2 protein chains.
Amino acid sequence: MLYNTPSFSHEHFMRQALREAEEAFAKDEVPVGAVMVMNNKIIARGHNQVELLNDSTAHAEVLALTTAYQVMGSKYLPDATLYVTVEPCLMCCGALYWGKVGKIVYGANDEKNGYHHFTNQNPFPLKTEIITGVLAEECAKLMKDFFKAKR
Amino acid sequence: MLYNTPSFSHEHFMRQALREAEEAFAKDEVPVGAVMVMNNKIIARGHNQVELLNDSTAHAEVLALTTAYQVMGSKYLPDATLYVTVEPCLMCCGALYWGKVGKIVYGANDEKNGYHHFTNQNPFPLKTEIITGVLAEECAKLMKDFFKAKR
């Protein structure tokens, strides 16, 4: 007997990205998490590991992307959706651009380091769909709590 | 007896970046090369390995940067200079921004994928010094030859 794969909501996958962000928080990393989804399935996960890897490029999105490339055996992922808890920075936008990731869903805005702070232009391919504000409050709260504890 | 370290020119280090770009060309990768310099010494080298690594983030600058982080044991490199044969893309600008790389020297402009195509704003920290056009013709010629051969 064949069952249909249940269709999950953006909130469902953003919760998974939030779990990654919480893991970053627990490791004293800036709490950003990401999951890469294809055909309603998570194919890669990542959370910020800049401190652990001593590498300023080790953002959640980049780690999820590079894992997804290896999983899929492809350096282009037009059918994938990236869920990330916080607005991507310029570096991560560029990485998503090169990977031709079809859809990007993010939670909280990042007024300081988000890409909107650095450009008024669309840094993605024209086809790329952008969805914002999914579980924004929860995603932002994690960041606020982290930086509050650091002060 | 103590000798002074000779002071090398921008052209000297750009030639080293060009050697990296030529290595990329020989491996059928888009011919971009980079070297990271500190105190007049090359601390890391990189050339584009997107095809080999099947990873759209494996640009020359990113590879040189991540090597330099490991070599220096630091995720910030304010005293380093990055030499790269072609104008960095948005992803690489973001990576250089996060690494606080003090000086960026590039050769040829990239009208299609260079960062100037995506933003009118300065994507780097205010302190970052940018020098352009070093051995520009040689750097551009390598790219033109590569894409001509692909057609």
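Mentor: We'll take the sheet of chain B, then the pockets.

Mentor: This is a predicted model, where local features need pLDDT of at least 70, side-chain atom pairs count only at pLDDT 80 or more, and totals for chains, interfaces and linings use all residues. Residues are numbered from 1 along each chain as its sequence is written, chains are lettered from A and ligands numbered from 1 in the order in which they are written, and side-chain values use heavy atoms, without hydrogens and water.

Trainee: What's the strand order in chain B?
Mentor: β2-β1-β3-β4-β5, five strands in an open sheet with mixed pairing. Strands (E, at least two residues) and helices (H or I, at least four) are DSSP runs numbered from the N terminus. Two strands pair if DSSP finds at least two bridges between them.

Trainee: Which strands stand at the edges?
Mentor: β2 (41–47) and β5 (129–132) of chain B. Each has a single partner strand, so one side of each lacks a neighbour in the sheet. The twist averages 15° from one strand to the next. Axes are lines fitted to C-alpha atoms, for helices over the stretch in contact, and angles run from 0 to 180 degrees between N-to-C directions.

Trainee: In which sense do β1(B) and β2(B) pair?
Mentor: Antiparallel, over six bridges. B:A34 sits opposite B:G46 of β2(B).

Trainee: And which helices pack on the sheet?
Mentor: Helix α3 (residues 60–72) of chain B touches β1, β2 and β3 (81–86) of that chain, at about 140° to β2(B). Helix α5 (residues 136–150) of chain B touches β3 and β4 (103–108), at about 60° to β4(B). Contact means heavy atoms within 4.5 Å.

Trainee: Switching topic. What volume has the largest pocket?
Mentor: About 1,100 Å³. A pocket is an open set of points on a 1 Å grid over the protein atoms alone, where a 1.4 Å probe fits, with protein on both sides within 12 Å along at least five of seven lines; lining residues have an atom within 4 Å of a point. Points are joined across faces, edges and corners, and the volume is the space filled by probe spheres set on them.

Trainee: Which residues lie nearest its centre?
Mentor: A:W98, B:V30, B:K112, B:N113 and B:F147, out of 38 lining residues. α5(B) gives the most to that lining, with five residues.

Trainee: How many residues line the second largest pocket?
Mentor: 28, with A:V30, A:H59, A:N113, A:F147 and B:W98 closest to the centre. The second largest pocket holds about 760 Å³ of space. α5(A) gives the most there, with four residues.
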